[in-house]
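Hello,

Here is the structure I promised to hand over. Have a look at it first, and then read on for what turned up in it.

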Amino acid sequence: QQFVLTVDDVQSPPTFLNANTLTVNSGTAFSFTFDTTGDPVPTITHVSGSGPLPTGVTLTDNGDGTATLSGNVTEANSGQYIFTIKAHNSNGNATQPFTLNVDGPPAITNKKTAITTTNGTVMTPLTITTNGYPNPAMTETGTLPTGLTFVDNGNGTATVSGTPNGTSSGVYTITVTAANGIGTNASQTFTITVDLAPSLPAIANTTATIGTAFSYQVPTATGFPVPTYKATGLPKGLTIDKTTGIISGTPKTSNATGAYTVTVTASNSVSTDSQTFTITLS
């Protein structure tokens with residue numbers, strides 16, 4: 001008597017055999033194979049909504065229980081990408097979270113490289129941004145205005161903020177450098193202009209003689225931008241130079257003798273300051 005023994009295939013759900021992390025360099029083509037077990041042979045796909053694949057990267061099911069992740073990621077798209085891969089057959093599913101680290105050299109991405117603020121006023125923070133992975137560390141060289149600080153935020157950005165104070169005024173130049181150990185460090189120069197309201201010192205009284213050439217230097221006003229001058233109440237024949245603050249000319253004979261009250265005003269884009277003094281004509 002003969003017997004026929006039939007042995008059914010032992011089928012099984014899929015499992016993943018590969019590591020779940022990969023680090024590659026931006027700008028360099030790479031290929032990575034996902035490998036699975038399972039019967040029937042699993043189909044391997046990227047789980048939609050689990051996290052995007054980088055631009056330039058594709059996942060291809062090879063039809064034999066493996067799939068290939070490959071591509072070439074640009075430096076601008078470097079970073080960390082976390083997504084999920086799924087293997088499926090008629091006996092079930094298996095999923096594997098996967099982390100793709102794309103290393104890239106640092107680049108400072110600010111389009112705005114100049115900022116203007118006012119002494120004594122809280123400055124709108126200047127945030128410095130970068131590309132690159134791992135997140136670049138940020139350092140600053142140069143002289144910041146008194147009252148401002150530079151802070152590396154630890155996430156690939158840095159912030160200059162605070163309130164310029166004291167006598168801080170003028171144009172300050174700083175250089176910011178980003179470094180992450182990948183490729184060449186990136187540097188960019190920024191300017192911070194601190195405006196300062198004018199301050200005009202007290203002006204001493206003086207004398208002049210009708211018909212005689214006269215010149216008198218008003219004390220220099222501080223402030224930024226550099227203040228300009230104007231004067232009211234001057235005797236006829238005298239004028240003030242708006243740039244230097246020198247009052248000069250020859251008092252006309254039509255002037256009456258005596259004391260003339262003169263007001264000098266120093267002005268810039270921030271505000272004005274005035275002082276009053278007398279010119280006594282004889």
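Where is Asn255 found? Asn255 sits in the loop between strand E21 (246-249) and E22; I will come back to this residue below.

First, some housekeeping. This is a predicted model, in which local features need pLDDT of at least 70 and side-chain atom pairs count only at pLDDT 80 or more, while totals for chains, interfaces and linings use all residues. Residues are numbered from 1 along each chain as its sequence is written, and side-chain values use heavy atoms, with hydrogens and water left out.

The overall picture

The protein chain has 0 helices and 23 strands. Helices (H or I, at least four residues) and strands (E, at least two) are DSSP runs, numbered from the N terminus. The C-alpha trace spans about 150 × 30 × 25 Å along its principal axes. The radius of gyration of the protein chain is 37 Å, whereas a compact globule of 282 residues would have one near 19 Å; the radius is taken over C-alpha atoms, and the globule rule is 2.2 Å times the number of residues to the power 0.38. Buried residues make up 39% of the 282 residues. Here buried means under 20% relative accessible area, exposed over 50%, and partly exposed in between (1.4 Å probe, protein chains only). Of the contacts with a separation of 6 or more, 61% are between residues 24 or more positions apart, where contact means heavy atoms within 4.5 Å.

An open sheet of 4 strands has the order E1-E3-E6-E5, with antiparallel pairing. Two strands pair if DSSP finds at least two bridges between them. Strand E1 (12-16) and strand E5 (57-61) are at the edges with a single partner strand each, so one side of each has no neighbour in the sheet. On average, neighbouring strands of this sheet are turned by 20° against each other, direction ignored; the axes are lines fitted to C-alpha atoms, for helices over the stretch in contact, and angles run from 0 to 180 degrees between N-to-C directions. E1 and strand E3 (residues 30-39) run antiparallel and are joined by 3 bridges, and Thr15 has Thr37 in E3 as its bridge partner.

The largest nonpolar core has 20 residues, of which Phe34, Leu69, Phe98 and Leu100 touch the most other members. Such a core is a set of buried Ala, Val, Leu, Ile, Met, Phe, Trp, Tyr and Cys residues joined through side-chain atoms within 4.5 Å. Elements giving two or more residues to this core include E3, E5 and strand E6 (66-71). Leaving aside neighbours within four places in sequence, the contacts of Phe34 include Phe16, Leu59, Leu69 and Phe98.

Thr130 belongs to strand E10 (residues 126-133) and is buried, with a relative accessible area of 15%. A polar atom of its side chain lies 2.6 Å from the backbone oxygen of Gly156. For such polar contacts, a pair of N or O atoms must be within 3.5 Å; within protein, one must be able to donate a hydrogen and the other to accept it, and residues adjacent in sequence count only if both atoms are side-chain atoms.

Strand E12 (residues 148-152) and strand E13 (residues 157-162) pair antiparallel over 5 bridges. They form a hairpin with 4 residues between them, and Gly154 in the turn has a positive phi of about 80°.

Back to Asn255

Asn255 is buried, with a relative accessible area of 8%. Its side chain reaches the backbone oxygen of Lys236 at 2.8 Å, and a polar atom of that side chain lies 3.0 Å from the backbone oxygen of Lys252. Beyond four places in sequence, Asn255 is in contact with residues including Ile210, Tyr260 and Leu281. Leu281 in E23 is also the bridge partner of Gly258. Strand E22 (residues 258-267) and strand E23 (residues 272-281) pair in the antiparallel sense over 10 bridges, within an open sheet of 4 strands ordered E16-E23-E22-E19, whose pairing is mixed.

Happy exploring!
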